[in-house]
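User: Please take me through one part of this model at close range, starting with the charged pairs and then turning to the pocket.

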Amino acid sequence: KGTRNSDPDRTETSKESSFQPSNPSGAYLAARHAELTFALTDAETLYARALAADPDNPGLLAHTIYLMVADGRIEAALPLARHAVAKDPQARLANLVLAVDAAKHQKYAEAQRHLETQPKRGVNQVLMPLMQGWLEYGAGQRDKALRTVRPVEQVTGFDNFYFLHSGLMLELAGRTKAAEARYKQAFADESRVGLRMIEAVGLFY
């Protein structure tokens, strides 16, 4: 069984990566092994060693960032994300990480610029309108935010996400009757109601 190190500052390594690779290729191979055994923090450490020898390698950068985010270490991933975007302004994952960080610090316009690099297909048909809508809401553009998230209703299987998020926006805006109507629509199909949805609207009732 692999391990996920809970302390982001932890420096010791697990048994899977207790040896010290003598070259970047060895570090990369050891990182791959650690990743496959779900020792994510060990994999990050080893990928970082490989990256130190080839800091502009876009594949290594993206993969290291991905693992750090998967391990919950978004703050630690920021320097690599900034470096990746400096080398490639269209680097998708790096831009997404920077968008989340900018939104966290209420830098909504900056977050929007980072989101502009994201494709509009696949899961982003849901993720991007929701993220952009909340950025607009945070910037005080409430009506625009509600229009921005509306396309999610048309994505098969995700209409409840639209009802949930638009309901939350309406509730925050003090439009409680409209919010309640959206919540009822979000919970209309009990088979698609998850714990996160219940937690999100729990205080409303």
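Analyst: Happy to! The structure, a predicted model, holds seven salt bridges (a side-chain nitrogen of Lys or Arg within 4 Å of a carboxyl oxygen of Asp or Glu). One of them joins the side chains of Asp56 and Lys87, at 3.7 Å from N to O. This pair ties together distant parts of the chain, 31 residues apart: Asp56 sits in the loop between α2 (40-53) and α3, and Lys87 belongs to helix α4 (helices are DSSP runs of H or I, at least four residues, numbered from the N terminus).

Now for the largest pocket, whose volume is about 160 Å³. Among its 13 lining residues, Pro58, Ala62, Ala84, Asp88 and Ala91 are the closest to the centre. (On a 1 Å grid over the protein atoms alone, a pocket is an open set of points where a 1.4 Å probe fits, with protein on both sides within 12 Å along at least five of seven lines; lining residues have an atom within 4 Å of a point. Points are joined across faces, edges and corners, and the volume is the space filled by probe spheres set on them.)

Three helices, α3 (58-70), α4 (74-87) and α5 (92-104), each supply at least two residues of that lining. The biggest share comes from α3, with four residues. By type, the lining has eight nonpolar residues, one polar and four charged (Ala, Val, Leu, Ile, Met, Phe, Trp, Tyr, Cys and Pro are nonpolar; Asp, Glu, Lys and Arg charged; the others, Gly among them, polar).

Residues are numbered from 1 along each chain as its sequence is written, and side-chain values use heavy atoms, without hydrogens and water. Local features need pLDDT of at least 70 and side-chain atom pairs count only at pLDDT 80 or more, while totals for chains, interfaces and linings use all residues.
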